[in-house]
Amino acid sequence: KGECAMCERICKLSEHHLVPRATWKKLKLKPPEEWNMPDADPKALNDFMHQTIKICRKCHNCVHKVHDVFTLARKYFTLDSLIEDPDIHKFVKWISKQKKFKGQVCIKTS
């Protein structure tokens, strides 16, 4: 349990890879320009691709429902960019006010 990085509720958390694992093999060969890592050494690139955030299952499901893995990898590879997405922002704003869901108990922090 802990605080979700997106909705700030206290619940059981899952790790969200900011660069989805399904994209690693392809994007390691040619990192997107948006990452601003044209001459990155393999270790720096590997570290960047392994970054995660801890979020609740509801937020995690929302992220993967709104965007495919390659869009997430190319455009939404930071917590801020995820939260700034209009559809995700709307969901996070709503979910942050909720306490309890079927099979999951969360506590609002404010």
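Buried means a relative accessible area under 20% and exposed over 50%, with partly exposed in between, as computed with a 1.4 Å probe on protein chains only. This is a predicted model, in which local features need pLDDT of at least 70 and side-chain atom pairs count only at pLDDT 80 or more, while totals for chains, interfaces and linings use all residues. Residues are numbered from 1 along each chain as its sequence is written, and side-chain values use heavy atoms, with hydrogens and water left out. With E8 the accessibility scale gives an intermediate case, because its relative accessible area of 43% makes the residue partly exposed.

**Overall architecture**

- The chain holds six helices and six strands, where helices (H or I, at least four residues) and strands (E, at least two) are DSSP runs numbered from the N terminus.
- Along the sequence these elements follow the pattern β-β-β-α-α-β-α-α-α-α-β-β, and 38% of the 110 residues of the chain count as buried.
- Among the contacts in the chain with a separation of 6 or more, 71% come from residues 24 or more positions apart, a contact being heavy atoms within 4.5 Å.
- E8, placed in the loop between β1 (2-3) and β2 (10-11), has a positive phi of about 65° although it is not a glycine.

**Helix α3 and C59**

- The buried residues of α3 are C59, H60, C62 and V63; seen down the helix axis they fall within an arc of 160°, so they line one face of the helix, the arc being that of the directions from the helix axis to the C-beta atoms.
- The cover over these buried residues of α3 includes β3 (13-17), β4 (52-56), α4, α5 and α6.
- C59, which is located in helix α3, counts as buried at 1% relative accessibility, and, leaving aside neighbours within four places in sequence, C59 is in contact with C4, M6, C7, F91, V92 and I95.
- C59 and I88 are 29 residues apart in sequence, yet their C-alpha atoms are 8.3 Å apart in space.

- In helix α6 (residues 86-95), I88, V92 and I95 are buried, and they cover an arc of only 70° around the axis, which puts them on the same side of α6.
- The face of α6 turned away from that buried side carries the exposed residues P86, K90 and K93.
- D85 caps the N-terminal end of α6, with a side-chain oxygen 3.1 Å from the backbone nitrogen of D87.
- The side chain of D85 also makes a polar contact of 3.1 Å with the side chain of H67, where a polar contact is a pair of N or O atoms within 3.5 Å; within protein, one must be able to donate a hydrogen and the other to accept it, and residues adjacent in sequence count only if both atoms are side-chain atoms.
- H67 lies in the loop between α3 (57-66) and α4 (69-75) and counts as buried at 15% relative accessibility; not counting residues up to four places away in sequence, H67 touches L72, Y76, D85 and I88.

**Aromatic residues**

- Rings of Phe, Tyr and Trp (its six-membered ring) pair if their centres lie within 6.5 Å, and planes under 30 degrees apart count as stacked, over 60 as edge-to-face and the rest as tilted; by this rule the count comes to four aromatic pairs.
- W35 and F77 form an edge-to-face pair, with 6.4 Å centre to centre and 70° between the planes.
- W35 lies in the loop between α1 (24-29) and α2 (42-49) and F77 in the loop between α4 and α5 (79-84), so the pair ties together parts that are 42 residues apart in sequence.
- W35 is buried with a relative accessible area of 5%, F77 counts as buried at 15%, and W35, F48 and F77 form one aromatic cluster.

**Cysteines**

- A search of the whole structure finds zero disulfides, a disulfide being a pair of cysteine sulfur atoms within 2.5 Å.
- For C4, the closest cysteine sulfur is that of C7 at 3.6 Å, which is too far for a bond, and C4 counts as buried at 0% relative accessibility.
- C56 is likewise in no disulfide, the nearest cysteine sulfur being that of C59, 3.7 Å away, and C56 counts as buried at 0% relative accessibility.
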